[in-house]
Amino acid sequence: PNALVNELCVRLMGAEALTFHDRAHFFAIAAQTMRRILIDHARARVADKRGGIQHRVSLSAVDGWNPVEQSEDILILDEVLSKLAKADPRAAQVVELRFFGGLSEEDVADTLAVSVITVKRDWKAARAWLISRLKSARA
(Lines give C-alpha, C1' and ligand atoms only; values in the text may rest on other atoms or scores of the structure.)
Protein backbone atom coordinates (compact mmCIF):
# COMPACT_ATOMS: atom_id res chain seq x y z
CA PRO A 1 0.00 0.00 0.00
CA ASN A 2 2.80 2.49 0.73
CA ALA A 3 4.27 1.88 -2.71
CA LEU A 4 0.88 2.61 -4.27
CA VAL A 5 0.54 5.84 -2.30
CA ASN A 6 4.04 6.86 -3.34
CA GLU A 7 3.26 6.11 -6.97
CA LEU A 8 0.01 8.08 -6.72
CA CYS A 9 1.90 11.10 -5.38
CA VAL A 10 4.55 10.83 -8.08
CA ARG A 11 1.95 10.62 -10.83
CA LEU A 12 -0.13 13.47 -9.41
CA MET A 13 2.91 15.70 -9.01
CA GLY A 14 4.81 14.29 -11.99
CA ALA A 15 5.86 15.82 -15.26
CA GLU A 16 2.91 18.12 -15.80
CA ALA A 17 1.88 20.77 -13.33
CA LEU A 18 -1.71 19.95 -12.45
CA THR A 19 -4.13 22.60 -11.37
CA PHE A 20 -7.04 21.43 -9.28
CA HIS A 21 -10.11 23.61 -9.60
CA ASP A 22 -11.56 22.43 -6.31
CA ARG A 23 -11.70 19.52 -3.89
CA ALA A 24 -14.01 17.54 -6.19
CA HIS A 25 -11.62 17.89 -9.10
CA PHE A 26 -8.71 16.68 -6.97
CA PHE A 27 -10.59 13.58 -5.77
CA ALA A 28 -11.76 12.75 -9.28
CA ILE A 29 -8.21 12.92 -10.66
CA ALA A 30 -6.79 11.01 -7.67
CA ALA A 31 -9.33 8.19 -8.08
CA GLN A 32 -8.70 7.97 -11.84
CA THR A 33 -4.95 7.93 -11.25
CA MET A 34 -5.23 5.20 -8.60
CA ARG A 35 -7.36 3.16 -11.00
CA ARG A 36 -4.65 3.48 -13.69
CA ILE A 37 -1.91 2.55 -11.21
CA LEU A 38 -3.76 -0.56 -10.11
CA ILE A 39 -4.48 -1.55 -13.71
CA ASP A 40 -0.79 -1.10 -14.59
CA HIS A 41 0.24 -3.24 -11.61
CA ALA A 42 -2.30 -5.92 -12.50
CA ARG A 43 -1.11 -6.04 -16.11
CA ALA A 44 2.50 -6.36 -14.96
CA ARG A 45 1.55 -9.10 -12.52
CA VAL A 46 -0.34 -11.04 -15.18
CA ALA A 47 2.63 -10.66 -17.55
CA ASP A 48 5.05 -11.90 -14.88
CA LYS A 49 2.72 -14.64 -13.67
CA ARG A 50 4.99 -17.45 -14.77
CA GLY A 51 8.08 -16.92 -12.66
CA GLY A 52 8.70 -13.17 -12.53
CA ILE A 53 8.84 -11.12 -9.36
CA GLN A 54 5.29 -10.63 -8.20
CA HIS A 55 4.04 -7.70 -6.16
CA ARG A 56 0.77 -8.16 -4.37
CA VAL A 57 -1.75 -5.45 -5.17
CA SER A 58 -4.50 -5.31 -2.59
CA LEU A 59 -7.66 -3.30 -2.64
CA SER A 60 -9.70 -2.71 0.45
CA ALA A 61 -13.28 -3.78 0.08
CA VAL A 62 -15.93 -1.10 0.16
CA ASP A 63 -18.99 -2.07 2.20
CA GLY A 64 -17.89 -5.69 2.02
CA TRP A 65 -17.82 -5.64 -1.79
CA ASN A 66 -14.54 -6.55 -3.38
CA PRO A 67 -14.84 -7.92 -6.93
CA VAL A 68 -11.07 -8.25 -7.23
CA GLU A 69 -9.59 -11.54 -6.08
CA GLN A 70 -6.82 -11.88 -8.68
CA SER A 71 -4.90 -9.54 -10.96
CA GLU A 72 -6.98 -10.70 -13.91
CA ASP A 73 -10.11 -9.60 -12.04
CA ILE A 74 -9.03 -5.97 -11.83
CA LEU A 75 -8.46 -5.94 -15.58
CA ILE A 76 -11.97 -7.32 -16.11
CA LEU A 77 -13.35 -4.78 -13.61
CA ASP A 78 -11.66 -1.96 -15.51
CA GLU A 79 -13.19 -3.15 -18.79
CA VAL A 80 -16.67 -3.54 -17.30
CA LEU A 81 -16.42 -0.21 -15.46
CA SER A 82 -15.56 1.49 -18.76
CA LYS A 83 -18.76 0.04 -20.22
CA LEU A 84 -20.72 1.31 -17.21
CA ALA A 85 -19.25 4.78 -17.80
CA LYS A 86 -20.88 4.80 -21.23
CA ALA A 87 -24.24 3.62 -19.86
CA ASP A 88 -24.29 5.67 -16.64
CA PRO A 89 -21.36 8.08 -16.23
CA ARG A 90 -22.29 9.28 -12.74
CA ALA A 91 -22.69 5.73 -11.40
CA ALA A 92 -19.28 4.87 -12.83
CA GLN A 93 -17.82 7.94 -11.09
CA VAL A 94 -19.39 6.80 -7.82
CA VAL A 95 -17.73 3.39 -8.17
CA GLU A 96 -14.39 4.95 -9.12
CA LEU A 97 -14.45 7.39 -6.19
CA ARG A 98 -15.61 4.79 -3.65
CA PHE A 99 -13.65 1.75 -4.82
CA PHE A 100 -10.47 3.25 -6.23
CA GLY A 101 -10.50 6.53 -4.31
CA GLY A 102 -11.68 5.12 -1.00
CA LEU A 103 -14.14 7.96 -0.41
CA SER A 104 -17.16 7.65 1.87
CA GLU A 105 -20.67 8.14 0.53
CA GLU A 106 -20.72 11.62 2.07
CA ASP A 107 -17.42 12.58 0.41
CA VAL A 108 -18.61 11.24 -2.94
CA ALA A 109 -21.81 13.26 -2.60
CA ASP A 110 -19.78 16.41 -1.89
CA THR A 111 -17.39 15.66 -4.74
CA LEU A 112 -20.17 15.09 -7.29
CA ALA A 113 -22.45 17.79 -5.84
CA VAL A 114 -25.35 15.38 -5.37
CA SER A 115 -27.22 14.10 -2.31
CA VAL A 116 -26.03 11.15 -0.24
CA ILE A 117 -29.19 9.26 -1.16
CA THR A 118 -28.33 9.72 -4.85
CA VAL A 119 -24.86 8.29 -4.20
CA LYS A 120 -26.39 5.33 -2.34
CA ARG A 121 -28.83 4.71 -5.19
CA ASP A 122 -26.06 4.96 -7.82
CA TRP A 123 -23.75 2.73 -5.75
CA LYS A 124 -26.44 0.05 -5.35
CA ALA A 125 -27.40 0.11 -9.04
CA ALA A 126 -23.77 0.18 -10.21
CA ARG A 127 -22.82 -2.75 -7.97
CA ALA A 128 -25.71 -4.85 -9.29
CA TRP A 129 -24.84 -3.92 -12.88
CA LEU A 130 -21.14 -4.66 -12.38
CA ILE A 131 -21.71 -7.93 -10.53
CA SER A 132 -23.90 -9.28 -13.32
CA ARG A 133 -21.32 -8.29 -15.96
CA LEU A 134 -18.38 -9.59 -13.94
CA LYS A 135 -20.03 -12.97 -13.47
CA SER A 136 -20.58 -13.36 -17.20
CA ALA A 137 -17.07 -12.05 -18.02
CA ARG A 138 -15.45 -14.62 -15.70
CA ALA A 139 -17.53 -17.52 -17.04
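In the predicted model, a salt bridge (a side-chain nitrogen of Lys or Arg within 4 Å of a carboxyl oxygen of Asp or Glu) joins the side chains of Arg90 and Asp122, at 2.5 Å from N to O. Arg90 lies in helix H4 (residues 89-100) and Asp122 in helix H6, so the pair ties together parts that are 32 residues apart in sequence. Helices are DSSP runs of H or I with at least four residues, numbered from the N terminus. Asp122 is buried, at 7% relative accessibility. Arg90 is partly exposed, at 35%. Buried means under 20% relative accessible area, exposed over 50%, and partly exposed in between (1.4 Å probe, protein chains only).

Residues are numbered from 1 along each chain as its sequence is written. Local features need pLDDT of at least 70, side-chain atom pairs count only at pLDDT 80 or more, totals for chains, interfaces and linings use all residues, and side-chain values use heavy atoms, with hydrogens and water left out.

The salt bridge count comes to six. Glu105 takes part in a salt bridge with Arg98 (3.8 Å, N to O). Glu105 is buried at 16% relative accessibility, and Arg98 is buried at 7%. A salt bridge also forms between Lys120 and Glu105 (3.9 Å, N to O). Lys120 lies in helix H6 and Glu105 in helix H5 (residues 105-112), so this pair ties together parts 15 residues apart in sequence. Lys120 is partly exposed, at 40%. Salt bridges with shared partners join Arg35, Asp78 and Glu96 into one network.

Thr118 lies in helix H6 (residues 116-138). Thr118 is buried, at 12% relative accessibility. The C-alpha atoms of Thr118 and Glu105 are 9.5 Å apart.

Definitions and conventions. Helix = DSSP H or I, 4+ residues; strand = E, 2+ residues; numbered from the N terminus.
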